[in-house]
Amino acid sequence: MTRFITTRHLHIFALAILSIYYFFCLLFFGEIILNPHDNLDHNIVYNHIISKIYSGQSESIKIFLSGEFKWYFLDEIFYPINIFHLILNDKIFYFFEEILKKILSYLSFYILAKSLLKNKLHCILGALIYATTANMILAPSGYGIPLMPYFLYLLTSKEIFKLKHYIIILLVGLNSSLVHDYLALVSIIPLAFLLNKKKI
């Protein structure tokens with residue numbers, strides 16, 4: 001029986017577990033329930049104004065502090081991910097980004113774990129736990145926390161980076177900030193040192 005269960009099946013099962021919350025919300029309420037903490041007064045509001053600015057309604061920024069808050073104070077306005085504001089409404093963009101961060105968290109941790117462990121089931125379980133906790137407890141605004149395991153993988157497993165590595169680093173850097181992703185930046189160097197030391 002176990003020989004018919006491939007890594008792909010395990011990945012599908014793990015991603016299905018990550019999706020259970022959305023399915024249950026849709027099944028029982030017909031809508032996806034939003035965690036209000038720091039969302040209704042921060043992320044969603046800022047993203048709404050950013051989407052208005054991207055669509056040409058630059059006056060919408062005046063809703064903040066009677067116009068005293070300037071558009072360039074929205075540090076996330078230059079994130080390339082905001083290009084999706086042009087094709088997605090506020091609600092769909094919010095869940096698109098939330099799901100994207102969960103998937104990236106899962107994949108980045110799995111890649112790191114696979115370089116350290118032989119048991120792929122353990123790697124998948126670790127990735128599942130990381131994706132769940134990183135998005136529930138830390139609720140990352142940028143992409144530093146979701147991709148931190150991948151950067152650890154690069155620091156501990158790659159001596160020479162390829163073009164794709166530089167492109168990923170560039171995209172994550174452009175969609176992150178020191179303010180939002182300080183935890184990833186503070187943690188990554190000592191963790192990389194400890195993992196390298198363990199390999200020696």
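Reader: I'd like to start with His85. Which residues does His85 touch, not counting residues up to four places away in sequence?

Author: His85 touches Asn47, Ile50, Ser51 and Phe93, with residues up to four places away in sequence left out of the count. Keep in mind that this is a predicted model.

Reader: Where is His85 found?

Author: Look in the loop between α2 and α3, where His85 is found.

Reader: Then how do I read its accessibility: is His85 buried or exposed?

Author: Compare the relative accessible area with a cut-off: buried means under 20%. His85 has 7% relative accessibility, so it counts as buried.

Reader: Let's step back. How many helices and strands are there in the protein?

Author: You'll find 7 helices and 0 strands. Reading from the N terminus, the elements go α-α-α-α-α-α-α.

Reader: And what share of the residues counts as buried?

Author: The protein has 200 residues, and 37% of them count as buried.

Reader: Now the inside. Which residues touch the most other members in the largest nonpolar core?

Author: The idea is to look for buried nonpolar residues joined through their side chains. Here the largest such core has 16 residues, and Tyr150 and Phe151 touch the most other members. Two helices, α4 (120-138) and α5 (144-157), each supply at least two residues of this core. The most comes from α5, which gives 8 residues.

Reader: What is Tyr150 in contact with, leaving aside its neighbours within four places in sequence?

Author: Tyr150 is in contact with Ser108, Ile111, His165 and Ile168, once those neighbours are left aside. There's also a second, separate core, this one of 10 residues, including Tyr106, Tyr110, Cys123 and Ala127.

Reader: I also clicked on Leu154. Which helix does Leu154 lie in?

Author: Leu154 lies in helix α5. With a relative accessible area of 2%, Leu154 is buried. Leaving aside neighbours within four places in sequence, Leu154 is in contact with Phe161, His165 and Ile169.

Reader: On to charges. How many salt bridges does the count come to?

Author: The count comes to 1 salt bridge. Lys91 forms it with Glu31, and the closest N and O atoms are 2.5 Å apart. Lys91 lies in helix α3 (residues 90-116) and Glu31 in the loop between α1 (7-29) and α2 (39-54), so this pair ties together parts that are 60 residues apart in sequence.

Reader: What describes a pair of aromatic rings?

Author: A search of the whole structure finds 8 aromatic pairs. In one of them, Tyr21 and Tyr22 have ring centres 5.4 Å apart and planes at 70°, so the pair is edge-to-face. Tyr21 is partly exposed, with a relative accessible area of 37%, whereas Tyr22 counts as buried at 7% relative accessibility.

Reader: And how are the rings of Tyr150 and Phe151 arranged?

Author: Their centres are 6.4 Å apart and their planes at 55°, so that pair is tilted. Tyr150 counts as buried at 8% relative accessibility, and Phe151 is buried at 18%. Tyr150, Phe151 and Tyr153 form one aromatic cluster.

Reader: Which residue lies over the face of Tyr143?

Author: That's Lys101, at 5.1 Å from the ring centre.

Reader: One last stop: where does Asp181 lie?

Author: Asp181 lies in the loop between α6 (163-174) and α7 (182-199). Asp181 is buried, with a relative accessible area of 3%. Not counting residues up to four places away in sequence, Asp181 touches Gly142, Tyr143, Gly144, Ile145 and Ser176. Asp181 and Ile145 are 36 residues apart along the chain, with their C-alpha atoms separated by 6.4 Å.

Definitions and conventions: Residues are numbered from 1 along each chain as its sequence is written. This is a predicted model: local features need pLDDT of at least 70, side-chain atom pairs count only at pLDDT 80 or more; totals for chains, interfaces and linings use all residues. Side-chain values use heavy atoms; hydrogens and water are left out. Helices (H or I, at least four residues) and strands (E, at least two) are DSSP runs, numbered from the N terminus. Buried means under 20% relative accessible area, exposed over 50%, partly exposed in between (1.4 Å probe, protein chains only). A nonpolar core is a set of buried Ala, Val, Leu, Ile, Met, Phe, Trp, Tyr and Cys residues joined through side-chain atoms within 4.5 Å. Contact means heavy atoms within 4.5 Å. A salt bridge is a side-chain nitrogen of Lys or Arg within 4 Å of a carboxyl oxygen of Asp or Glu. Rings of Phe, Tyr and Trp (its six-membered ring) pair if their centres lie within 6.5 Å; planes under 30 degrees apart count as stacked, over 60 as edge-to-face and the rest as tilted. A charge sits over a ring if NZ of Lys or CZ of Arg is within 6 Å of the ring centre and within 35 degrees of the ring normal.
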